[in-house]
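Good morning, everyone, and thank you for making time for this.

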Amino acid sequence: MKINQFYIPLLSVILTLSSCKKNNAHAQQVGNDGSVETEKPNSEYQPAFKGQTRIKAVKTNTAYNVEILNKDLGRPWGIINLPDGRFLITDKKGYMNVVSKDGKQITKIEGFPKVDAKGQGGMLDVALDPDFTTNSIIYFSFSEPFGKGNLTSVAKGKLSDDLKSIEEVKVIFRAEPSYDGDKHYGSRLVFDKDGNLFVSTGERSDKVTRVYAQKTDNYLGKIIKITKDGLPAPGKPFVGKQGYKPEIYAYGVRNPQGLAIDPNGNLWDVEMGPRGGDEINLIQPGKNYGWGDVTYGIEYSGAKVGDGITKKEGTEQPVYYWDPVISPSGVTFYTGNVEEWKGNLFIGCLSGEHINRIVMKDNKVIGEERLLADQNERFRDVLDGIDGNLYAVTDSGKLYKVSKK
Ligand SMILES: [Ca+2]
């Protein structure tokens, strides 16, 4: 009895201390090297140039509010704005919701094709047709049951006037070959200024499909550029070249869940590496981004990936990489109300459990900040809202709003 009386207060002191430590661990810390990363890397690989990883930490000076507008969104994956400021938010289970500006009203859209929602699959990204206000057409990516497995597909369809259903659904692109797996679908959708659609596709994770990323006769591990009807877009880099699928814009990517065009019109891919080696890449037509031969990460087992090389003739270096990983998902370039954030790249992070802010100059990374780390959430997608605020959705079903105070 006496022993218990002695130990209980001591135990509560220990619990209090450990909970403080946890909170501190989730606020942005700065390591000895001045970067936001305080953990050791998984590998001994050295960056190709100064500033390619562990850049100096930056800290936002502007005061901002963080609000949770909704906590019950199911399994959101992609978020965009409708022209009137409401949100279109996909749900991995196979549909989308129209969500009011304040996050309170949710209307389900019905009529989508069957998705394979196992593992990382399901209803994934969504984009509005550039002429949406006159044609009500949307594009969406999903893991489609196909052949003996599934694949990343892109479809288009017309929303009904009441936004409760989708009609005239047509699959316009299939990232063949299909595979019986449940990982690495990639699949962000981004329109360029000419009205052509960029699609990122994953290499389906397993070693048997990983090799497809370096081959150009298939659609796994690629950046694809197609027209609104799914045809190869004009200006394709591999026109008339033997052994190249004409929709391929760039290749050698792993699981690109982040794709965005910056205010200068450059296309950026942010993709998940294995154990270490998440990357930011400036995507240029016809280029090879190296996966599965070249990476700053290692296998989950600790073994080298391939020959364990970080550079190779004919492959592009990432502009920036992380080791350990942050698991980047959806990304956006900010154009909103916080002046010091303008032009910065915001990245929803899954295992990293924060929103990553990347400051760039002349296409080089010059600063990194970890925002909302105290929320302990897996951020799946971020949105540069048309009202000047930043929005994000999480795997736990929350909709966040980040606004200038
Ligand atoms: Ca790469």
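Predicted model: local features only at pLDDT ≥ 70, side-chain atom pairs only at ≥ 80, totals over all residues.

Let me begin with a question: is Asp395 buried or exposed? Asp395 is buried, with a relative accessible area of 14%, where buried means under 20% relative accessible area, exposed means over 50%, and partly exposed is in between, using a 1.4 Å probe and protein chains only.

Residues are numbered from 1 along each chain as its sequence is written, and side-chain values use heavy atoms, with hydrogens and water left out.

Back to Asp395, which forms a salt bridge with Arg380, the closest N and O atoms being 2.8 Å apart; a salt bridge here is a side-chain nitrogen of Lys or Arg within 4 Å of a carboxyl oxygen of Asp or Glu. Asp395 sits in the loop between strand S23 (390-394) and S24, and Arg380 sits in strand S22, so the pair ties together parts that are 15 residues apart in sequence. Arg380 is buried as well, at a relative accessible area of 8%. When I speak of helices (H or I, at least four residues) and strands (E, at least two), I mean DSSP runs, numbered from the N terminus.

Elsewhere, salt bridges that share partners join Glu37, Glu368 and Arg370 into one network, and the structure holds 22 salt bridges. One of them brings together the side chains of Asp293 and Lys312, at 3.0 Å from N to O, and that pair links distant parts of the chain, with both residues in the loop between S16 and S17 and 19 residues apart. Asp293 is partly exposed at 27% relative accessibility, and Lys312 is partly exposed with a relative accessible area of 38%. Another salt bridge joins the side chains of Lys183 and Asp182, at 3.2 Å from N to O; Lys183 is partly exposed at 36%, and Asp182 is partly exposed at 24%.

Now let us turn to a sheet. Strands of a sheet pair through backbone hydrogen bonds, either parallel or antiparallel. In this model an open sheet of 4 strands runs in the order S1-S24-S23-S22, with antiparallel pairing, and two strands are said to pair if DSSP finds at least two bridges between them. Strand S1 (64-70) and strand S22 (379-384) stand at the edges, each with a single partner strand, so one side of each is left without a neighbour in the sheet. S1 pairs with strand S24 (residues 399-404) in the antiparallel sense over 6 bridges, and the bridge partner of Glu67 in S24 is Lys401.

Next comes the calcium ion: which protein donors does it have? They are Glu279 (OE), Glu279 (OE) and Tyr289 (O), lying 2.3 to 2.7 Å from the ion. Donors are N, O and S atoms within 2.8 Å of the metal (3.2 Å for Na, K and Ca), and water is not among the atoms, so sites may look incomplete. Glu279 lies in strand S16 (residues 278-283) and Tyr289 in the loop between S16 and strand S17 (320-322), so the pair ties together parts that are 10 residues apart in sequence. Both residues count as buried, Glu279 at 5% relative accessibility and Tyr289 at 2%.

I would like to finish with some backbone details. Most residues other than glycine have a negative phi, and most peptide bonds are trans. Against that background, the peptide bond from Glu176 to Pro177 is cis, with omega near 5 degrees, and Pro177 is placed in the loop between strand S9 (166-174) and strand S10 (186-191). His184, found in the loop between S9 and S10, has a positive phi of about 50 degrees although it is not a glycine, and His184 is buried at a relative accessible area of 5%. A cis peptide bond also joins Trp291 and Gly292, where omega is about -10 degrees, and Gly292 has its place in the loop between S16 and S17.
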